[in-house]
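Here are my notes on the model you asked me to look over. Have it open while you read, and check each point as you go.

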Amino acid sequence: MFRTILSLFLLNRNQRQIKRYQAIAEKIDERGKSLLQISDDALKQLFQDTRANIQQGATLESQMVEVFAIVREASTRVLGMRHFIVQLIGGIALHEGNIGEMKTGEGKTLTATLPAALNALTGKGVHIVTVNDYLATRDANWMGKLFTFLGFSVSSLTTSLSDQERKLAYQSDILYAVNNELGFDYLRDNMKLFREHQVQRPFNYAIIDEVDSVLIDEARTPLIISGQTNEPSELYTTANQLVKHFVRQENEEDVEGDYFADEKSKRVHLSDAGHAKAELLYQKNGVLAENENLYFQHNLHLIHHLESALCAHAHYVKDTDYVVQNQKVILVDEFTGRLMHGRRLSHGLHQAIEAKELVPILPNSQTLASITFQNFFKNYPKLAGMTGTADTEAQELYEIYSLEVVVIPTNKAMIRKDLPDLVFLDKKSKYQAIVNDVFELYQKGQPVLVGTASIETSEELSILFKQKSIPHEVLNAKKHDREAIIIAQAGRLKAVTIATNMAGRGTDIILGGNPSLLQDNQLPEVNWQEQHNAVVGLGGLHIIGSERHESRRVDNQLRGRSGRQGDPGTSRFYLSLEDNLLRIFASENVSKLMQWIGFQPGQSIEHPLLSKTIESAQRKVEVHNFQLRKNLLEYDTISNDQRKVIYGQRSAVLEKQNLEQLIEDIVNGVIDQLISSYAPETLSIEDWHLASLEQVLEQQFFIKASFVTIMQEESFVSIRDTVTKLFNNEMQKKRESFGQEQYQNLLRQIMLIILDKYWKDHLINLEELMRGIHLRGYASKNPKHEYKREAFELFVKLLEQMRFEIVGVLMQPIIKHEQLEEINTSQLQTTHQEASLTESPKSIEEVKKISPIVSGDKVQRNDPCPCGSGLKYKKCHGKV
Ligand code: ADP
């Protein structure tokens, strides 16, 4: 109900907006008439005048008509393309921070130049975001001519650039940028120790091309930067050798024994005796110097190694919890018994098991930073998007991003005919029908594009086409530039192209072929016109969908490749009862009925009831996928709030010339904590633990103090003062020995390095928390609330520990150089699983496994919804 009202509301609003934009577009058109005759120089001067106006405080809105009219006229002169009225309308929608839905071939690239130019006049930079290197480079070159004419600098941001080149690119007025690169640069910048090493400048305005791909499909997985930890593997081997000396306790209260192994949490805790033994053994084998304390901050990892080794022996059983194959430890899924190749236990546990099994100890790859596109793009004060297909997802974009979809009218009426689906009994007959139909079209000469949802289908069809001697191209790899060239020619006479959904994204199919992409004059201009006319005469490009995707949007994208700019065209989907979508959704009765009425393999039916069933199936999966994305976003938002705090503090440290005040605050925080632990105001002096305080000061902060003799006279205030003085003295010594400037740099590096170290450890903790949190659902707790609460507790602890470590490192008598080095971010690994629309069959299987909306498993209304949303089933999927 709410959704229906919302969509009606959006629809009316859309019409009103278009009307308003239309009026502005007319003014732009009118103003354009007076620009037709003026010289290039005069046009450029007028543009500079608008820049001056904005610099003097005029709003962008007040300059919009003038700027759009000038850009349009400049484009006519430089690119030979004059923005259509609908493109002006699209440009206004984008300037106002909406998503402009413009059908394929309507010219989104040119449309974006209008708001880009207007917003770039502020001097704060505009990012036009594309999905791959090929498109970023192509568009920057293509539209670059226009922007240069207007006096702007233009660059493209692609995968292969060095840091220096990136930095330069970010200074440009207009940047055509690949989405992943923007996100990774953001994460990498937040690992730099010096402001001048960072490449980005503050975000201003982004126009995301193919916005549905970026904010919906690709938003399913976060961007991750990871690095290998470089702990020496000998420590694991040593710890493993020590295990045999340790005696396990029967229970936690047991006074005998060195450690307790907790079965429930799969952890181990060393007893006091265990600790003493560990210290002795480490000293004996030379890892610790004689008389050196295991509790010094820099030795704490030795306890951790030992605990991991004990844990590996106590809790992990070979051939039950893991197997050893080809010198590798592979985990076994405790529920399914399947091997989990590539999954590694964190916190050094996997290495401990490797040491136990005497196989090579592999370094861990550790997440150093991560972010989802959803949260990354929220960094932009203003955001807009363009796509050919967003209306089916308009509600999601509105609910999650507050972005409104404005459907821009087409320049010419769309005359493509979408034919009803054909349904076959089995896949074989379906493929056969496709082959026969393609063969017929090929003989006729009409170009045909066959879309597949998976790489396998594209290969199966290719084999069948070969058997029938149909020449064709197959596009299913990730070579974006070659794909773009091939797909641009998919509209030529007799062209047969098989492509997966993702292939050749963003490239237009022109009937008769794209003349500008033809090499060596293979096709002279005059021939092109003939070809074009011939293809138009044959009915334009025919689209065959070899199965339906789980999302209607993707099917619409495929259809939208035909019928651009008023071209003729047709489209049809071929389905079989063996297709995943139908197999899972259409009840068995339907297929039984079809068999009963004597429906034979090879025959096909078209029935409105069937089409309805299919569409409702797609809707269900869409809702499910939306829930998954929303869920990911909700979890990510919790860590995002924390990331903002950390990145905010980082920036403050990077920006500040003088860090004295900051370090003083941090030291005071530490002192407060020490005092409240060892000499709290609330206790009388006799109950203070001054000896422990002395010990901590010495072990953690290298400060020698003696409170014992003066204990009688000490009051709360004076002990605080004494401790403060001790710290200040040490800092003063450091300041003097380094000199003021070096000292500032030292403070900066220590703070940032420790901030980063704790943050990355925190990310691991959050990952683990997330992994375990779904079990809470069964204890009738809301996992999301639990996650939020525990994540917050962890964060508070992190801030506290961080303060201690910063001061601890600063107080070290000698600070080692390698402790202060910046990570070489260009060598870190970046991963973002590309939104793999080709994986659709698998994902439907997954959906089936976990979601009762498709599998029909019995889930009670009050059970937690298995999709992991944390809602009760009746509140989540029960409603659909
Ligand atoms: P989209 O991304 O919307 O599918 P493109 O930006 O790739 O479309 O443009 C499609 C084609 O339309 C391009 O070949 C472009 O040259 C052409 N085009 C766009 N706008 C105009 C215009 N105003 N006048 C002439 N040709 C245009």
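1. A word on the ground rules. This is a predicted model, so local features need pLDDT of at least 70, side-chain atom pairs count only at pLDDT 80 or more, and totals for chains, interfaces and linings use all residues. Residues are numbered from 1 along each chain as its sequence is written, and side-chain values use heavy atoms, with hydrogens and water left out.

2. Start with Phe-47, which you'll find in helix α2 (residues 40–55). Helices here are DSSP runs of H or I with at least four residues, strands are runs of E with at least two, and both are numbered from the N terminus. Is Phe-47 buried or exposed? Phe-47 counts as buried because its relative accessibility is 0%; the cut-off for buried is under 20% relative accessible area, with a 1.4 Å probe and protein chains only.

3. Who touches Phe-47? Setting aside neighbours within four places in sequence, its contacts are Val-67, Ile-70, Val-71, Ala-117, Leu-121, Leu-150 and Phe-152. Contact means heavy atoms within 4.5 Å. Take Ile-70: Phe-47 is 23 residues from Ile-70 in sequence, yet their C-alpha atoms are 6.8 Å apart in space.

4. Now find the open sheet of three strands, ordered β12-β6-β23 with antiparallel pairing. Two strands pair if DSSP finds at least two bridges between them. At the edges sit β12 (365–371) and β23 (829–831), each pairing on one side only.

5. Look at how β6 (residues 223–228) meets β12: six bridges join these antiparallel strands. One to look up is Ile-225, whose bridge partner in β12 is Ala-369. Helix α8 (residues 179–189) packs on this sheet and touches β6, β12 and β23.

6. Over to the ligand, which has 16 residues around it; the closest are Arg-82, Gln-87, Gly-105, Lys-108 and Thr-109. A residue makes that list if one of its heavy atoms lies within 4 Å. Helix α5 (residues 108–120) gives the most to this shell, with three residues.

7. Finally, check some distances to ligand oxygen atoms. A side-chain N or O atom of Thr-109 is 2.6 Å from one, a polar backbone atom of Lys-108 is 2.9 Å from one, and a backbone N or O atom of Gly-107 is 3.1 Å from one. A polar contact is a pair of N or O atoms within 3.5 Å.

Definitions and conventions:
Buried means under 20% relative accessible area, exposed over 50%, partly exposed in between (1.4 Å probe, protein chains only). Axes are lines fitted to C-alpha atoms, for helices over the stretch in contact, and angles run from 0 to 180 degrees between N-to-C directions. A polar contact is a pair of N or O atoms within 3.5 Å; within protein, one must be able to donate a hydrogen and the other to accept it, and residues adjacent in sequence count only if both atoms are side-chain atoms.
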